[in-house]
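I begin with the contacts and end with the lining.

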Amino acid sequence: TESNNPYIAIGGQEVLNELVDAFYAKVKLHPKLAPIFPEDLTETARVQKQFLTQFLGGPNFYSEEHGHPMLRARHMPFPITEERAEAWLQCMREAMDEIKLEGPIRDYFYERLSQTAYHMINQ
Ligand code: HEM
């Protein structure tokens with residue numbers, strides 16, 4: 001059934017967009033994260049919306065525009081410590097709280113983001 005698709009279960013593009021916008025508003029203010037991100041996060045947020053759509057089983061917008069994600073390789077230019085991975089995840093939890101994303105879909109999504117975040121550590 002369609003509820004087996006996490007992208008549908010989370011509420012589709014509208015909810016993902018809200019989450020990503022809330023997330024980068026926090027990244028922008030985080031002293032450990034802001035210094036490694038661009039000043040203007042408009043493009044960063046646009047690409048992250050594409051990626052997370054695909055990550056959750058929605059349309060493959062990210063790969064259509066950028067090719068294979070190769071996320072770890074794409075993060076190599078940025079020094080990602082365990083502390084920064086935890087800061088990233090903290091911003092994500094706060095964004096989920098803000099948009100009131102709750103229940104099993106939140107837990108499932110957060111768990112997958114957490115695995116990916118720890119995989120990005122390169123310092
Ligand atoms: C790009 C940091 C974890 C997905 C980036 C960029 C930075 C960054 C600095 C470049 C932004 C730009 O130039 O616009 C971090 C840090 C993380 C982290 C500090 C902590 C572990 C993650 C996770 C995901 C993710 C967990 C996905 C679940 C992406 C994507 C891009 C990106 C899709 C765009 C890649 C592209 O250019 O095509 N990240 N990231 N990141 N990040 Fe992360």
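How far is an oxygen atom of the ligand from an N or O atom in the side chain of Tyr62? I find 2.5 Å between an oxygen atom of the ligand and an N or O atom in the side chain of Tyr62.

I note that the model is predicted: local features need pLDDT of at least 70, side-chain atom pairs count only at pLDDT 80 or more, and totals for chains, interfaces and linings use all residues. Residues are numbered from 1 along each chain as its sequence is written, and side-chain values use heavy atoms, with hydrogens and water left out.

**Entry 1: polar contacts.** I took a polar contact as a pair of N or O atoms within 3.5 Å. The side chain of Thr44 has an N or O atom 2.6 Å from an oxygen atom of the ligand. For Trp88, I read 3.5 Å from a polar side-chain atom to a nitrogen atom of the ligand.

**Entry 2: iron.** His75 (NE2), at 2.0 Å, is the only protein donor. His75 belongs to helix H5, helices being DSSP runs (H or I) of at least four residues.

**Entry 3: shell.** I counted 19 residues around the ligand, each with a heavy atom within 4 Å of it. The shell comprises 14 nonpolar, four polar and one charged; Tyr and Trp count as nonpolar, Gly as polar. H3 contributes the most, four residues.

Entry 4: The ligand takes the space of the largest pocket, with more than half of its atoms within 2 Å of the grid points. A pocket is an open set of points on a 1 Å grid where a 1.4 Å probe fits, with protein on both sides within 12 Å along at least five of seven lines; lining residues have an atom within 4 Å of a point. I read a volume of about 720 Å³ and 25 lining residues. Six lining residues, the largest share, come from H3.

Methods
Grid points are joined across faces, edges and corners, and a volume is the space filled by probe spheres set on the points. Helices (H or I, at least four residues) and strands (E, at least two) are DSSP runs, numbered from the N terminus. A polar contact is a pair of N or O atoms within 3.5 Å; within protein, one must be able to donate a hydrogen and the other to accept it, and residues adjacent in sequence count only if both atoms are side-chain atoms. Donors are N, O and S atoms within 2.8 Å of the metal (3.2 Å for Na, K and Ca); water is not among the atoms, so sites may look incomplete.
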